[in-house]
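Open the model in your viewer and keep the sequence panel beside it. This tour goes from one selection to the next and says what is there.

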Amino acid sequence: MTTHCLLSIVPIRVLSKSAAHSSIMQPPTTRNVAVIGAGAAGLVAARDLRREGHKVVVFERGDQVGGTWVYTPKVDSDPIGLDPDRTVVHSSLYQSLRTNLPREVMGFRDYPFVEKEGDEERDPRRFPGHREVLMYLKDFAKDFGIYGIVRFETEVVFVGLVEGGKWEVKTKSKRGEDFDEVYDAVVVCNGHYTEPRIAQIPGIDTWKGKQIHCHNYRTPEPYRDQVVILIGSSASAVDISRDIAGVAKEVHIASRSLPDETFEKMPGYDNMWLHSMIKSLNEDGSAIFPDGSVVHADIILQCTGYIYDFPFLETNGTVTVDDNRVGPLYKHVFPPALAPSLSFVGLPWKVVPFPLFELQSKWIAGLLSTRITLPSEEEMMEDVRAFYSLLEASGVPKRYTHNMGDYQFEYDDWLAAQCGSPVSEEWRKQMYLAVSKNRRARPERYRDEWEDDHLVLQAREDFKKYTSVMDK
Ligand code: FAD
């Protein structure tokens, strides 16, 4: 399976010089825009929409900005996340989490994530703890005057099309106020790391042990002296397995990406093993692996990812979530039939999120003001169909539609071309590759040992052009 060059094969429409010229001649249009969510995506969307001259309201159901980066020890009432009536906590962060990207790569392009010197509250490390990211996002919101336009503790419960191509937005606040308003456009930035995706394993319904999804993992203590099977191989799975191995009796990592005969000790650990995916589970608490090995486990911890969920969105079937494909979407942002008044920021994964959110936001803002233009609905649909056909021909499962991996920088640069913004910095691309390689080579130590200091110097040099904004 390869996702390589998925973007370049799909016809790309880059704004022609004459189109760019004629659009510059048109007076920009100001829209009333509702942004759903005040995480990193909603914050940068709000900033760039306002920079473009739009009137923006950000709806945030939590009591602060930051989304995922607002750590809480609280967890959902159902640890595996299957009960539709459970109380839901938004963030999936665990207490020990440090970023898996270096701050130079991770930050917004024109608001670099630099160390704050002289402030003891701050974490100056290159791969800081989660609290530092939250503080950076709060600085961003403050510096760009976003706080004044966020309605906190206000959940969007309905978004639907009304006459004239506008959108009805219904909200409920914790103070008991219900609002029903109409906006010209809606930008959906509600995040996609809250609704657990669960592995289907034969026998799981009658298995007697505890089941938890990593959305509800916070600290290793509850796993002390337990035999744990952890399913998955994502960045979270790597971190959490190490966290737990410090206290658990045994940790068995089960992963679909390992061959069937796998059963091996993890180098450097006495109590951690690697397996291929569990074959079946029995009522007596045992798990059977494809090589015939049997593990009697107390807990199964599923680090099996998340699903997209837009419970508030009513498009009469124009936009659907099918096997975790949100579609049809032109370039992961616009449903062709509803563009540009409905858009999504932040759907792609296996990416550097913040700069990508920034470019998607600039594109949306410029399109809403008519400064830049989209292809026709039919051309966009053709592009989407070609993209889906390519995924299918490359053997990429539908649920990987928004997995960008290899072509994220090509995508970013395509967006940049649409907006008239500079392409991704060369150091950022190289640093991303260097860190990915280092992470594979030193999964335990990549956050503290590296060999790309020359790229850090280049990044810092580049950041100097933004310090005036940040010192404001
Ligand atoms: P979120 O941060 O999830 O924000 C969505 C916001 O929308 C929330 O505040 C939520 O309350 C609000 N909301 C949702 N529904 C509604 C509604 N109906 N009405 C009103 N408000 C609503 N990225 C990195 O760059 N580096 C990392 O090291 C990294 N590590 C990660 C580790 C973990 C465990 C996870 C889960 C993610 C990690 N990420 C990392 C990815 C991270 O999710 C993104 O960086 C980014 O924070 C996502 O921002 P977002 O705005 O799209 O979503």
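In which loop is P328 found? Select P328: this proline is in the loop between β21 (325-327) and β22 (342-344). Keep in mind throughout that the model is predicted.

**Stop 1: two cis peptide bonds**

Stay at P328 and show the backbone. The peptide bond that runs from G327 to P328 is cis, and its omega is near -5°. Now move along to P340, which is also in the loop between β21 and β22. A339 and P340 are joined by a cis peptide bond, with omega about -5°.

**Stop 2: two residues with positive phi**

Select N316 in the loop between β19 (313-314) and β20 (320-322). N316 is not a glycine, yet its phi is positive, about 50°. Is N316 buried or exposed? Its relative accessibility is 71%, so N316 counts as exposed.

Next, select K350, found in the loop between β22 and α7. K350 is not a glycine either, and its phi is positive at about 60°. With a relative accessible area of 53%, K350 is exposed.

**Stop 3: aromatic pairs**

Show the side chains of the aromatic residues. How many aromatic pairs does a search of the whole structure find? The search finds 26. A pair of aromatic rings is described by the distance of the centres and the angle of the planes.

Begin with F108 and F354. Their ring centres are 5.0 Å apart and their planes are at 20°; planes under 30 degrees apart count as stacked, so this pair is stacked. F108 sits in the loop between α4 (103-106) and α5 (130-143), while F354 belongs to helix α7 (residues 353-368). The pair therefore links distant parts of the chain, 246 residues apart. Both F108 and F354 are buried.

For another kind of pair, select W363 and W414. Here the ring centres are 5.2 Å apart and the planes stand at 85°; an angle over 60 degrees counts as edge-to-face, so that is the name for this pair. W363 is in helix α7 and W414 in helix α9 (residues 408-419), so the pair ties together parts that lie 51 residues apart in sequence. What is the relative accessibility of W363? The value is 1%, so W363 counts as buried. W414 is buried as well, with a relative accessible area of 4%.

Ring pairs link F108 with Y111, F113, Y136, F140, F144, F354 and F357.

**Stop 4: charges over rings**

The charged end of R47 sits over the ring of F144, at 4.7 Å from the ring centre. Then select R325 and Y388. The charged end of R325 sits over the ring of Y388, and the distance to the ring centre is 3.7 Å.

**Stop 5: a buried glutamate**

Select E132, found in helix α5. Is E132 buried or exposed? E132 has 2% relative accessibility, so it counts as buried.

**Stop 6**

Which residues line the second largest pocket? Select Y94, S96, L97, R98, V238, D239, R242, D243, P443, E444, R447 and D448 to show its lining. The volume of this pocket is about 200 Å³. Colour the lining by class and you will have seven charged, four nonpolar and one polar residue.

**Stop 7: two distances to draw**

Select G191, which lies in the loop between β7 (185-188) and β8 (195-196). G191 has a relative accessible area of 40%, so it is partly exposed.

Finish in helix α10 (residues 426-441) by selecting V435. At 5% relative accessibility, V435 counts as buried.

Key:
Residues numbered from 1 in each chain as written. Predicted model: local features only at pLDDT ≥ 70, side-chain atom pairs only at ≥ 80, totals over all residues. Heavy atoms only, no water. Phe/Tyr/Trp six-rings, centres within 6.5 Å; stacked < 30°, edge-to-face > 60°. Helix = DSSP H or I, 4+ residues; strand = E, 2+ residues; numbered from the N terminus. Buried < 20%, exposed > 50% of the residue type's maximum accessible area, 1.4 Å probe, protein only. Lys NZ or Arg CZ within 6 Å of the ring centre and 35° of its normal. 1 Å grid on protein atoms, 1.4 Å probe; cavity = no way out; pocket = protein on both sides within 12 Å on 5 of 7 lines; lining within 4 Å. Points joined across faces, edges and corners; volume = space filled by probe spheres on them. Nonpolar A, V, L, I, M, F, W, Y, C, P; charged D, E, K, R; others polar.
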